[in-house]
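Student: Please show me the structure, and let us then go through it by question and answer.

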Amino acid sequence: MRGREAASTNLFSYVRLEERVPSDHPLRPIRALADEVLAWLNARFEHLYSGLGRPSIPPEMLLRATLLQAFFSVRSERMLMEQIDYNLLFRWFVGLEIDAAVWHPTVFTHNRDRLLETEVAHAFLSGLLALKPVKRLLSSDHFSVDGTMIEAWASMKSFRPKDGSGEPPGTGRNGERDFRREKRSNATHASTTDPDARLYRKADGQESRLCYLGHTLMENRNGLVVDASLTHATGTAEREAALLMLDRRPRRHRITLGADKLFDVEAFVGDLRARRVSPHIAINGAVSKTGKVRKTALDGRTTRHPGYAISLRCRKRIEEVFGWIKAQAGLRKVKLRGRAKVEALFTFAAAAYNLVRLPKLLAEARA
């Protein structure tokens, strides 16, 4: 009898919470899409959790809470738990009853870090794209690729010689560290805070930072992210990641790939042609100090087609993805350490970007 009374109370609490959320609230279609994907991932979640020990936080709730953190730019788990505690909209989206106790921030962090693996994040993104209404919105012929710097959660003071010969920072909470006349490179130095971070700068004249490189593959019809990856920050990482993401996509016919002038490299263009990919890449017409124009790897086989100019216009939309992930989802400076965790968070943020845009795109498709 007690079990029936408890179940009846829980159902009544959920109904009361459901009534508080307007029927036309933007989060309703987003949650419906997320629930479909989470139901598809249920079998994967079973293997991540043991049947012994104390009950854990349901993985569906953890991932919904992580989505909220990206949607509303909540900068810490502690602030997220405070919001879920008193915000009825957050409770409804996560699936927490109106009178249920909220989790402690450290418990939420430990459980989420265990769940938010690279494979789970990629599976969530793939499951979202595999939904029938979403699949109709995707282009199977035209794509764009690009990369962006994701600043690591490590200071420049932590970038010290690997042999331990460097002087440590001074005493105090923010001790001084003199870098003058010291040559530092990734070959001789590493961060003691986040060893996976690399010292890198994207262009001449910019400061070097400890960071990662985040990469996305976007379809050109509606600008949705179809794949995401995160690598060490190196000069060739963007081209290597582009080939990796292309190889992960099953296809039977030739496709096009738009990219900026950084990808205008003979070896990369050759790799694309070997994969039956038309390289719609911006021409790198850099001029040397002697006045010589750099030779491009592209030729008239590609640039003479009208679709080449269209791809160059469409590829700029990928910057909207990076802008949202950095500004809205808070990944301008990531708050996790280690490449695996950062890649999972970056991929999940890319899926969150799709979720924000999908309700409007699906409504337009039905109209």
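**Pockets, core and selected residues**

Student: How much space lies in the largest pocket?
Tutor: This is a predicted model, in which local features need pLDDT of at least 70 and side-chain atom pairs count only at pLDDT 80 or more, whereas totals for chains, interfaces and linings use all residues. A pocket is an open set of points on a 1 Å grid over the protein atoms alone, where a 1.4 Å probe fits, with protein on both sides within 12 Å along at least five of seven lines. Points are joined across faces, edges and corners, and a volume is the space filled by probe spheres set on them. For the largest pocket, that space is about 560 Å³.

Student: Which element supplies the largest share of the lining of the largest pocket?
Tutor: Lining residues have an atom within 4 Å of a point; the largest pocket has 18 of them, and L129, L138, V226, R249 and P250 are the closest to its centre. Helices (H or I, at least four residues) and strands (E, at least two) are DSSP runs, numbered from the N terminus. Both α8 (118-130) and β6 (225-232) supply at least two lining residues. The largest share, 5 residues, belongs to α8.

Student: How many residues of this lining are charged?
Tutor: Ala, Val, Leu, Ile, Met, Phe, Trp, Tyr, Cys and Pro count as nonpolar, Asp, Glu, Lys and Arg as charged, and the others, Gly among them, as polar. In the lining of the largest pocket, 8 residues are nonpolar and 5 are polar. The number of charged residues is 5.

Student: Which element gives the largest share of the lining of the second largest pocket?
Tutor: The second largest pocket has a volume of about 370 Å³. Its lining has 21 residues, and those closest to its centre are Q69, V74, R75, A329 and G330. Two or more residues come from each of α4 (59-71) and α15. With 4 residues, the largest share comes from α15.

Student: What percentage of the residues in the chain is buried?
Tutor: Buried means under 20% relative accessible area, exposed over 50%, and partly exposed in between, for a 1.4 Å probe and protein chains only. The chain has 15 helices and 8 strands. Of its 367 residues, the buried share is 45%.

Student: Why does S229 count as buried?
Tutor: Contact means heavy atoms within 4.5 Å; side-chain values use heavy atoms, with hydrogens and water left out, and residues are numbered from 1 along each chain as its sequence is written. S229 is in strand β6. Leaving aside neighbours within four places in sequence, S229 has contacts that include L213, L244, E343 and F346. S229 counts as buried because its relative accessibility is 2%.

Student: How far apart are the C-alpha atoms of L244 and S229?
Tutor: L244 lies in helix α10 (residues 237-248). At 41% relative accessibility, L244 counts as partly exposed. L244 and S229 are 15 residues apart along the chain, and the separation of their C-alpha atoms is 8.8 Å.

Student: What is the value of phi in S73?
Tutor: Most residues other than glycine have a negative phi. S73 is in the loop between α4 and α5 (77-86), and with a relative accessible area of 37% S73 is partly exposed. Phi of S73 is positive, although S73 is a residue other than glycine, and lies near 55 degrees.

Student: Where does R276, which has a positive phi, lie?
Tutor: R276 is not a glycine, yet its phi is about 60 degrees. R276 counts as partly exposed, at 43% relative accessibility. Its place is the loop between α11 (266-274) and β8 (277-281).

Student: Is E119 buried or exposed?
Tutor: E119 is in helix α8. E119 lies 25 Å from P29, C-alpha to C-alpha, and 90 residues from P29 in sequence. The relative accessible area of E119 is 58%, so E119 is exposed.
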